[in-house]
Amino acid sequence: MTPTTTLLREQHALALVCPVEFAQRMNQYWTTLRPNGLGLHSSSALMNLWRIMGETFQLATVESASGVQSPWRILQPPTGTGKTQGACVYAAMQTGLNHEAEGTQLKPVGMLIVTRLKEDADTIRKTINTLAGRDVAVVHHSDSYATPEQLHASDVVIITHAAFIKAKRDTKGRDWKAWDRLVSWRGGERYLTVIDEALANVVDESHATTENLGFVINLIPPELRSAFPQQVGVLEQVHRVLVAFADSDDHASPMSMIWGEGGAPVDADFAPFILAMSALPYDKIVYARSSTKDRAQLAERVADTITTVQTCLEQFAYYSRSGDWHSINTASLAVPLDAPGPVVMDATAKANFLWDLFEDRHRLIPVPSHARDYSSVTLHVARGGGVGKNTMIDKINERLPRIKKGLEEAIGPERSVFLCVHKDVEAVITKKSKNGGDSWVEKLPFKQYSVGHWGAVDGRNTWQDCDTAVILGLPYLPQTWATGVFCALQGAQDDEWLQSPEWKQYKNVRQVMEQRQMSVSVIQAVNRIRCRQVVDAEGRCPPADIFIVLPTDAFGDAVLDDIKADMPGIKVTDWAFALDAPKEKKPRIGSSHVRLIAYMEKQDAGPVSLSIIQRDIQLPSLKKLRETLNNSEHPTTQALREGKVTYLPGVGRGSKSYLVKAA
């Protein structure tokens, strides 16, 4: 045990894990062959990284035990350096010290571990209990709720990101029980919260469109209008405000503030009104038929719309226009900032703009930059437009043959391929043919294939043995996302900011946020395959290939830069692939080129001099026409060729040039 740890123990009377001992224990577990270890290669950089991880956990614990509200400490170890396994080893060591502290003056340290998926929580529990040699950890999620007694008795509680955020929402409604059960145990208050990967939904966004508000208002029966006049009046007033924004020429901007921090000067409790509305037979009212499913879906739509209005009234609210949709919007921070000793292990922290917005509420912990080496990974980059969700869905059927051909030309049949696409695209490429035949993806000539979609990729181990990742389509976010996140963390803004969102050195912080969040999603996706596996002391991984189509603009350049920064050593090469066939260029209607083509269509077989053509179709000059006719790839030259017309240039000064039409 180091002198520092001994001193901290004496000062705070805590059963603290020594960071050096943790790094040694982690190294042993990392290098020991399975089934007792992971059988991986270690290095001095990894040992240093694990020591820093242990020091971070320790400092967060000490501050929490001292009653200090810790900042959110952000650890950014690269993928494949043992973030999750390190949390498990540390937790097992901590529970051992807690056991040894029984009957002494030392306080035990309880831990809360927050992970993305339920299956991840189950795996973490199993690993901790195996390493500890006894049951010291429990999970608490919708598939396996722990009893209050188990939560109270267990040294470690593992929950999902969704449960963590839900507990925060419950405290807004003054229901503290769920949160208290997570952060309290037999040892008193838990002192350490370890969050595995960045939280996916840090901000609660709410929005209601004019369409949904009108839909709800039209469904309110006379008896409920009489019983809840205030609630109905507020709904109708909010609807009128939105319609006024939508119709007003004064609000040309797609966003405008409706009211600021502190909410609207209206106090209306919608809870009893929502309850009364939920009893309506929506299926019969709307569709004139009986359907339990339709009734439930419509009741949810109504309840969500009214709840959004309630939320907007309590917070700031702004108007947003997107195409033909007009909405009222608000947002709030969803995570509990007062979580005990929060440490986030975020492999994409460099790109994640969220932490910039946390400002002094977070600490970014430096880690060794050479713990991983991605020199055995090749990133194949194609450029093109139309990679957003809507265009990918609209054009996917016409693009599929090109995608199949492009992949077959780029990789061999022995490869194991992970394709990351939009959810609706996944439905198309995995759908069986009408006669029950193979789907499009099943016809790909590869050893193995697997498909995942945006929103269900981050943190998953499903594709860790694939040697190839193919990213087709990018997860663009609506402009309201960046506005909501910014306002939730920095406070409600004014109309000037909504129209020109400057912040610090950023002229358009919304654009930066959207780009950086795109980078986070892409980095998460490409690291789902075997490039996360460490095979030697230099931190290299098995050979792997990543294929991606990025936009041709500065947005695409920035995403590429972020990938290279997050995956040091990665090789980048051009991928000669286009999602769409080259557009056929046609002469502009009404142009001299169109007049020329039409003129030659009417001519008999034989030559016509350019000077006569110039006179007949009133060309101001022959210079540009000659340049066009000398370009065999020009659309006008191609159109003439299809009409059996060729260009015969004059030879020598003063000689005539002709267009010759074949018989």
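How many salt bridges does the structure hold? The structure holds 22 salt bridges, a salt bridge being a side-chain nitrogen of Lys or Arg within 4 Å of a carboxyl oxygen of Asp or Glu. The structure is a predicted model, in which local features need pLDDT of at least 70 and side-chain atom pairs count only at pLDDT 80 or more, while totals for chains, interfaces and linings use all residues. Residues are numbered from 1 along each chain as its sequence is written, and side-chain values use heavy atoms, with hydrogens and water left out.

Side chains of opposite charge can pair when their charged atoms come close. Asp 557 is partly exposed at a relative accessible area of 36%, and Arg 383 is partly exposed at 31%, where buried means under 20% relative accessible area, exposed over 50%, and partly exposed in between (1.4 Å probe, protein chains only).

A salt bridge is also formed by Glu 442 and Lys 432, whose closest N and O atoms are 3.0 Å apart. Both Glu 442 and Lys 432 lie in the loop between α17 and β16, ten residues apart. Glu 442 is partly exposed, with a relative accessible area of 27%, and Lys 432 counts as partly exposed at 43%.

The loop between α17 (423-429) and β16 (448-453) also contains Lys 431, which counts as exposed because its relative accessibility is 62%. When residues up to four places away in sequence are not counted, Lys 431 touches Ser 439 and Trp 440, contact meaning heavy atoms within 4.5 Å. The C-alpha atoms of Lys 431 and Val 441, ten residues apart along the chain, are separated by 8.7 Å.

Elsewhere, the side chains of Asp 616 and Arg 615 meet in a salt bridge with an N to O distance of 3.0 Å. Asp 616 counts as partly exposed at 36% relative accessibility, whereas Arg 615 is exposed, with a relative accessible area of 61%. A network of salt bridges links Arg 415, Asp 467 and Asp 545.

Definitions and conventions
Helices (H or I, at least four residues) and strands (E, at least two) are DSSP runs, numbered from the N terminus.
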